[in-house]
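Good morning, and thank you for coming.

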Amino acid sequence: MLYVLICLCLSLAGVAGLQFFYMVYMERIGNDNKKRIVSLERRLKRLNQKLIETERSLAERDELIGTLGGDFEVEDEEIWADVIDDR
């Protein structure tokens, strides 16, 4: 009976140790995820800024083309029709 109690105590200690290390592991994963989210938010801000600058430059280019009097806009359907006919 004493050996059974010793085995039971050691088993419970093993389970408690496993749970402790799993909790430490999950804490580390959570911290890594928080760091990853922060870096992704920074990257998102940079990409949003880049997108705003690109849209601004495209608007300036379209305005310049409009002031030069160029009618360079062609409907996409016509272009694709020509490409399909050429094949």
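Let me start with a definition: helices (H or I, at least four residues) and strands (E, at least two) are DSSP runs, numbered from the N terminus. What you see is a predicted model, in which local features need pLDDT of at least 70 and side-chain atom pairs count only at pLDDT 80 or more, while totals for chains, interfaces and linings use all residues. Residues are numbered from 1 along each chain as its sequence is written, and side-chain values use heavy atoms, with hydrogens and water left out.

The chain has two helices and zero strands. Helix H1 covers residues 2-67, and Leu5 has its place in helix H1.

How much of the chain is buried? A residue is called buried under 20% relative accessible area, exposed over 50%, and partly exposed in between (1.4 Å probe, protein chains only). Of the 87 residues of the chain, 0% count as buried. The accessible surface, computed by the Shrake-Rupley method with a 1.4 Å probe, with only the protein chains shown counting as cover for residues, comes to about 8,800 Å² for the chain. Carbon and sulfur atoms account for 62% of that surface.

I turn now to patches. They consist of residues with over 30% relative accessible area and no salt bridge, where like charges are joined within 9 Å and nonpolar side chains (Val, Leu, Ile, Met, Phe, Trp, Tyr) within 5 Å. Met1, Val4, Leu5, Leu8 and Leu12 make a nonpolar surface patch of about 550 Å². Leu5 has a relative accessible area of 42%, so this residue is partly exposed.

A positive surface patch is formed by Arg36, Arg42, Arg43, Lys45 and Arg46. Here Lys and Arg count as positive and Asp and Glu as negative, while His and the chain ends are not counted. The place of a charge is taken as NZ of Lys, CZ of Arg, CG of Asp or CD of Glu. Arg43 is found in helix H1 and is partly exposed, at 48%.

Which side chains meet in a salt bridge? The term requires a side-chain nitrogen of Lys or Arg within 4 Å of a carboxyl oxygen of Asp or Glu. By this rule there is one salt bridge: Asp62 meets Arg61, at 3.2 Å from N to O. Asp62 is partly exposed at 44%, and Arg61 is partly exposed at 45%.

Finally, the aromatic rings. Rings of Phe, Tyr and Trp (its six-membered ring) pair if their centres lie within 6.5 Å; planes under 30 degrees apart count as stacked, over 60 as edge-to-face and the rest as tilted. This rule gives two aromatic pairs. Phe20 and Phe21 form an edge-to-face pair, with 5.5 Å between centres and 70° between the planes. Phe20 is partly exposed at 46%, whereas Phe21 is exposed at 58%. Tyr22 and Tyr25 form a tilted pair, at 6.4 Å centre to centre and 35° between the planes. Both lie in helix H1, three residues apart, about one turn of the helix. Tyr22 is exposed at 51%, and Tyr25 is partly exposed at 43%.
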